[in-house]
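I opened my notebook for a friendly look through this one. Here is the model I worked from.

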Amino acid sequence: MKAQSTRSAHEKAWQLTTRSTRSARARSLKVLANISWVTAEHLEELAGALKVTRHEKRSTIFSDKHSSESAYILLSGVARITCANRKGQRTMAILLSPGLIPAFPTPVAGIFYDFRCEAVTSCEIGTIGLDSFIKICLGIGSADFRKMAAGFLGRWDRVHLRCSNLLGCTIEERLALTLLDLTENFGVRDQHGGVMLDVQLRQGDLAEMVGASRPRVAEHLRELTRKNLISRKHHRVVVDDKGLKGFLMETHREGFSGELR
């Protein structure tokens, strides 16, 4: 009788601990930009269904060789999605802040991408079967489903647009476009009116994203600094977003005038 009572007490304690952990995880999910629209009830259910794993810096979280029947949520840390370029070299496509990780694009016949999601810092990842994820979240209305789809597909449309825009741009213009793109996910408004990128950004990462060599990128970063369009504060890049937009508008007008002449 005593053993049964002790076992019952342990079970109750375990249930309370599990419930507390699930509630804490649901609260952490609520603050993620592309999951915050999910109702509290569904967030509790989602938190309980997630399998949480930790990944060390520079490790591969998952790749396009894994099953596509899973949804992945970056709970903490910074990750990135990389792919192979035409020369077979790995290059960064998207830098990821916490939230639902985008699904990889549908494969194209004859083109080898070798997509990978990699940990930039130590990361905590929540994984759930895609069917379960949809069943938990889908009953919340078509408008919210579209939001979920947008979060799951991520910013690939932005990457495609950026790549197509970069084709006819100078390196300085490519840097400006890329820095403005990064401010949307990693930007914190500075007290002086700029936007600080709340992530350590290496010149090599920028070089991959704009398709230029690191020395050329370093040269043009100095030029943008000289023009007071970017600066550094506490080892972080501060972007004058309004100034960069004005710079791009001016170069666009000059290019258009040149074409007319």
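My entries below go from the whole chain to the cysteines and then to one aspartate.

**Entry 1, the whole chain.** I noted at the start that this is a predicted model. I looked up the secondary structure and found nine helices and twelve strands in the protein chain. Next I checked burial: of the 261 residues in the chain, 40% are buried.

How many disulfides does a search of the whole structure find? I ran it and got zero. I then followed up on Cys123, where the nearest cysteine sulfur belongs to Cys117 and is 7.5 Å away. A disulfide needs the two sulfurs within 2.5 Å, so Cys123 is in no disulfide. Is Cys123 buried or exposed? Its relative accessible area is 3%, so I wrote it down as buried. Cys137 went into my notes as buried too, with a relative accessible area of 2%.

Where does Asp205 sit? I placed it in helix α7, which covers residues 203-210. With a relative accessible area of 7%, Asp205 is buried. I looked for a polar partner and found the side chain of Arg202, joined to that of Asp205 by a polar contact of 2.8 Å. Setting aside neighbours within four places in sequence, I found Asp205 in contact with Arg80 and Met92.

Terms used. Residues numbered from 1 in each chain as written. Predicted model: local features only at pLDDT ≥ 70, side-chain atom pairs only at ≥ 80, totals over all residues. Heavy atoms only, no water. Buried < 20%, exposed > 50% of the residue type's maximum accessible area, 1.4 Å probe, protein only. Helix = DSSP H or I, 4+ residues; strand = E, 2+ residues; numbered from the N terminus. Polar contact = N/O pair within 3.5 Å; in protein donor to acceptor, adjacent residues only side chain to side chain. Contact = heavy atoms within 4.5 Å.
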